Amino acid sequence: GILGHKIIDGKTVLFIDVYKVIEMYDPNWFIVKKEEEIGPKRILLVEDSPFFRNMVTNYLSGAGYEVESAENGKVALEKLKSDPNFDIIVTDLEMPEMDGFGLIKAVREIPEFKELPILVLTSLSGEDIKRKVFELGANAYEIKLEREKVLRSIESLLEQKRAKKAA
């Protein structure tokens, strides 16, 4: 139930994962589709901050997804090329080596990944940023701390992917 800690004014402050605490006391509080219904879905999470990488991994894996993480776009691209069986990419924008903008552009230039859903998960806001990620080829844009919106976006993108395959 603890996301992490930080020293503030000489005191250790713990950051509580409220979703995990609720889940510990009432596992049925968050309704999650059974894995048999949707099949195991693999997410490539690209996030440089260990704090946010841990937080997002916790709520994605808690929702039944398999999560593989990468600390920047360069590492993510290498993982994707060596293991192309991801169902979606969830990426931050501000990262060293290769940022999220560069990752989206690079992924969209590879023919086999043109249709792979990409969700931008960031703390950056503004219409210019949003417009740029969509122009580069991202499919959705959410703010990091909005867990329920992130999970709904992922579910929606995966549903769209299933519908395209069925058509």
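Student: Which residues touch the most other members of the largest nonpolar core?

Tutor: This is a predicted model, in which local features need pLDDT of at least 70, side-chain atom pairs count only at pLDDT 80 or more, and totals for chains, interfaces and linings use all residues. Residues are numbered from 1 along each chain as its sequence is written, and side-chain values use heavy atoms, with hydrogens and water left out. A nonpolar core is a set of buried Ala, Val, Leu, Ile, Met, Phe, Trp, Tyr and Cys residues joined through side-chain atoms within 4.5 Å. The largest one has 24 residues, and those that touch the most other members are Leu80, Ile89, Val107 and Val133.

Student: Which element gives the most to this core?

Tutor: Helices (H or I, at least four residues) and strands (E, at least two) are DSSP runs, numbered from the N terminus. Those that give two or more residues to the core are β3 (42-46), α4 (73-82), α5 (100-108) and β6 (118-122). With five residues, the element that gives the most is α5.

Student: How far from lysine 41 is the nearest side chain of opposite charge?

Tutor: Lysine 41 sits in the loop between α2 (35-38) and β3. Lysine 41 is buried (under 20% relative accessible area; exposed is over 50%, partly exposed in between, with a 1.4 Å probe and protein chains only). Lysine 41 has no salt bridge, a term for a side-chain nitrogen of Lys or Arg within 4 Å of a carboxyl oxygen of Asp or Glu. Lys and Arg count as positive and Asp and Glu as negative, with His and the chain ends not counted, and the nearest side chain of opposite charge, aspartate 87, lies at 4.2 Å.

Student: Which residue forms a salt bridge with lysine 79, and why does the pair tie together separate parts?

Tutor: The closest N and O atoms of the pair are 2.9 Å apart. Lysine 79 is partly exposed at 23% relative accessible area. Lysine 79 lies in helix α4 and its partner in strand β4 (residues 66-70), so the pair ties together parts that are 11 residues apart in sequence. The partner is glutamate 68.

Student: Is arginine 147 buried or exposed?

Tutor: The side chain of arginine 147 meets that of glutamate 148 in a salt bridge (2.6 Å, N to O). Glutamate 148 is partly exposed, with a relative accessible area of 32%. Arginine 147 has a relative accessible area of 4%, so arginine 147 counts as buried.
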